[in-house]
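Subject: Structure handover

Hi,

Here is the structure we talked about. Please open it alongside this note; what I found follows below.

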Amino acid sequence: MTDRRALDDALRAEIEGLASRGLVRAPLGVGFGVDLLTNDYLGLSRHPAVVAAARAVLERDGLGAGASRLLGGDHEEHRHLEVAFASLQGEDAAALFASGSAANTGLLGTLAGPGDFYVSDALNHASLVDGMRLSGARRAIVPHGDVGAVDDALVRAPANGRRFVVVEGVHGMEGDTAPLAGLADVCRRRGALLIVDEAHSLGLFGPDGAGAVAAAGCADVVAARVNPCGKALGGAGGVVTASRAIIA
């Protein structure tokens, strides 16, 4: 049997081992110099109109939803945000999640199943990878930004089941834009649909900041878009936009 002291000793030894290899990280904090790390691209988190709107809701409704949305935690602001996102991206419906990561795992974990197939860019965010794993769907991982490799993966994919190609509109670590026009052409030819994480493209690309899909003009082959609100929008949460059938 492992007691608490033994567990703590073992964990401390593991942490020391990680630290010796430079694998332990800690928050940098604030006030350490010029901020080149922020995802608050447009500075909206401190915009007076955003702060005033948040303060008004806080004073009216208090802090927290009080319950899940199904059991009384459904607030008017939630529905307004979903309608606004669906309208911005020309979709039928939208669903709000607590975070962008939760939106990715929730969408990918439920949209496909064991009989389906995902093609995933090798540098996709961990939450996209987690969602695909949770789904039980078969997967092919292709080199980053390689349209030809996506085409080859779909050619080799089983003929039955749904097929999805999963990418980030703008890759958060590399900063490059996904080749959405080329991927859309492949999807049209191979009977697949795109799923695009707009985390680093929302607010910066496309008409009215609608994102990389809008900029590329390929919405006809996009099954869903994930829009984290904690970056260019300066807030928190994540919103999936898609057809009403997917959102339901």
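I start with the largest pocket. Its lining divides into 17 nonpolar, 10 polar and 3 charged residues. Bear in mind throughout that this is a predicted model. The volume of the largest pocket is about 1200 Å³. Of the 30 residues lining this pocket, Ala54, Glu77, His78, Leu81 and Ala236 are the closest to its centre. The most come from α2, with 7 residues.

The largest nonpolar core holds 25 residues. Those that touch the most other members are Val119, Val150, Val165, Val167, Leu180, Leu194 and Cys218. At least two residues each are supplied by the strands β2 (117-121), β3 (138-142), β4 (163-168) and β5 (193-197), and by the helices α6 (147-156), α7 (180-190) and α8 (212-216). The top contributor is α7, which gives 5 residues. A second core is separate and has 17 residues, with Leu111, Ala112, Ala137 and Phe164 among them. As background, nonpolar side chains in soluble globular proteins tend to be buried together.

Leaving out residues up to four places away in sequence, Val119 touches Ala140, Val142, Val150, Ala153, Leu154, Phe164, Val165 and Val166. Note that Phe164, in this contact list, is a member of the second core.

The volume of the largest cavity is about 60 Å³. It is lined by 15 residues, and the closest to its centre are Asp121, Gly145, Val150, Val167 and Leu183. β2, α6 and β4 each supply at least two lining residues. The cavity lining divides into 11 nonpolar, 2 polar and 2 charged residues.

Last, the cysteines. How many disulfides are there in the whole structure? The search finds 0. Take Cys218. Its closest cysteine sulfur is in Cys187, 8.7 Å away, so the pair is too far apart for a bond. Cys218 is buried, with a relative accessible area of 1%. Cys229 is buried too, at 5%.

Send me any questions once you have had a look.

Best wishes

Technical notes:
Residues numbered from 1 in each chain as written. Predicted model: local features only at pLDDT ≥ 70, side-chain atom pairs only at ≥ 80, totals over all residues. Heavy atoms only, no water. Core = buried A, V, L, I, M, F, W, Y, C linked by side-chain atoms within 4.5 Å. Buried < 20%, exposed > 50% of the residue type's maximum accessible area, 1.4 Å probe, protein only. Helix = DSSP H or I, 4+ residues; strand = E, 2+ residues; numbered from the N terminus. Contact = heavy atoms within 4.5 Å. 1 Å grid on protein atoms, 1.4 Å probe; cavity = no way out; pocket = protein on both sides within 12 Å on 5 of 7 lines; lining within 4 Å. Points joined across faces, edges and corners; volume = space filled by probe spheres on them. Nonpolar A, V, L, I, M, F, W, Y, C, P; charged D, E, K, R; others polar. Disulfide = S-S within 2.5 Å.
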